Amino acid sequence: MSAAAVGVSSSAGFMLVHCSVKFKAAGEWLGIDELCWGTGTKSYFYSSPVLCKSIASNSSHNHAAHSLDAVYIKRAADIADSSAGFTSPHPNFGCVIATPSGTVAGEGYLYAQGTKAAEVLAVEAAGGFSKGSTAYLNMEPGDCHGDHSAVSALIRQELKRVVVGIRHPLQHLHGNAIRSLRGQGLQVDVVGEDLKSKTMEEARKSCLLVNAPLIHRATSRVPFSVIKYAMTLDGKIATSSGHAAWIRNTVRKDNPRLTARHGGGAYTHTGARRTLQKLLASKGVEVVEFDILNPREVMEYFHDRGYLSILWECGGTLAASAISSGVIHKVFAFVAPKIIGGKNAPSPVGELGMVEMSQALDLIDVCFEQVGPDMLISGFLQPVPDLVPVIPSEDETFAIDPSITPYDSKIIFFYKTWDPYGAFSNFSPHPIQMPDGSGSYVTWSSVEHYYQAHKFVGVNEPVAKDCVEKIKSAKSPEEAARMGRSMQKQRPDLVRSDWEGLKIDVMYRALKCKFSIYPHLQSMLLTTAGSVLVEASPHDLFWGGGREGEGLNYLGRLLMLIRSEFLGECSSPSESTCTAL
């Protein structure tokens, strides 16, 4: 699973979010989107091919077949989060192609938002062995709304069967790929629906856990949240003086390196501690102010920003508040074989208002693991919810409440690629071919790759030229964005002098190319005629709409301009793009 993180300084009234890689806990690797105090590495090894011997009785044969299916579904779930900690959180997809003899012919996983689908990578690895084989998917395909490459790859390779661990939890993608595959004549078995047994239920659980953050996003307005703390045998996180050698969770006492990796930020009360705000801003940390700073409101804000999961490292007061607010879903508690004592020594969780043991919160699916001299205890405070309930259609909603009509013009929001209209994002996995100035055409992996690289195109400096090539070859749009933004901040002298006046047209040309060469994307754009398009980024006030609609929404405005051109409402777009906007 992937996660973001929250650290807090209660004395300063700040909630901090940094960036990180990942740490290992109870056999799991937690990829951390926003905070960095623990790191680790991860290696995967290919399983030995699983061979199935023929069995006489039908019941035994079915049991063996289910066991084999379960092995491969679990394998798909295991590899699905292979990029945890190296990329920002995204839906975790894994795909295993197994031949009729039981040999693994190919595997693949989604590396990052906007990269090749797991299914595409798996069939490429399997090559000719895909024909007649079975594809095992931990989750129904659907990384980017509007992209059908995963389904197309499975159909083209003439697979015999597809086994799906869980249906896609997001309502606008739920069941779509399964219907498409079945419509093309493939046998599709869904675990828990077509395949039912104790073994298959355990395999399905693995699929639910690896995408617990996405499922929580689909069923609530808060990200999946994990709280991690370390304490002594007597339940203390520090001595009475506040000294703790292995736990750090405040800004002022620990003076951590306040650099935001992967785009972190600090969250505070409106007007609180302006000096500290300036310090954080000078370190590149985004500061967001709230009228009321409470865990529920901040988590809802994180949800709006597209975060899938949050890692909390904080003191007892905030931990108690977060648990009481119902925003904590899982606990990782490291227990050290030490005793501190002291009635004033802080504990990991503050006052919860409980007066009887019967009120205690019980963990679910508890795991124990020894980590060096310490014991790690982990478990869920809340079970992973089942997949989303059916949402009434517009007509059904109108029948329930006649004041709601489906015929009114509306605002269409888009942001993350897996959200509805996700293909509108400049991070969507749609390569484009653009002229390079010498008459040749160059392929860019995404609109974002093209946009970020063109900050430095034409600058006669070796570092700038090298930066363009590195951005062009970045594995994912998010990595391309990180490289471009970092270089622009560190070396503003390398940014082309006309960039501010040119960047809108650069984005326009890339978007126009994308929607021109992909007919299904153009069709999707045209279906929005009459609607206002808004990029729902709460923090990008230039390209996005902002948190309260205060953003300029240039990305949405460009898309509406391109839409009008396709509809024939505009005649000469390119020269007047900046003026029109």
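Helices (H or I, at least four residues) and strands (E, at least two) are DSSP runs, numbered from the N terminus. Contact means heavy atoms within 4.5 Å. The model is predicted: local features need pLDDT of at least 70, side-chain atom pairs count only at pLDDT 80 or more, and totals for chains, interfaces and linings use all residues. Residues are numbered from 1 along each chain as its sequence is written, and side-chain values use heavy atoms, leaving out hydrogens and water.

Five strands build an open sheet with mixed pairing, in the order 6-5-7-8-9. Strands pair if DSSP finds at least two bridges between them. Strand 6 (104-109) and strand 9 (187-190) are the edges; each has a single partner strand, so one side of each lacks a neighbour in the sheet. Strand 5 (residues 94-98) pairs with strand 7 (residues 134-139) in the antiparallel sense, over four bridges.

Now look at the helix that crosses the sheet. Helix 5 (residues 198-210) lies across strand 7 and strand 8, at about 65° to strand 8. Axes are lines fitted to C-alpha atoms, for helices over the stretch in contact, and angles run from 0 to 180 degrees between N-to-C directions.

Next, the rings. The whole structure holds 13 aromatic pairs. Rings of Phe, Tyr and Trp (its six-membered ring) pair if their centres lie within 6.5 Å; planes under 30 degrees apart are stacked, over 60 edge-to-face, the rest tilted. Phe-290 and Tyr-301 have ring centres 5.4 Å apart and planes at 90°, so this pair is edge-to-face. Phe-290 sits in strand 12 (residues 286-290) and Tyr-301 in helix 9 (residues 295-304).
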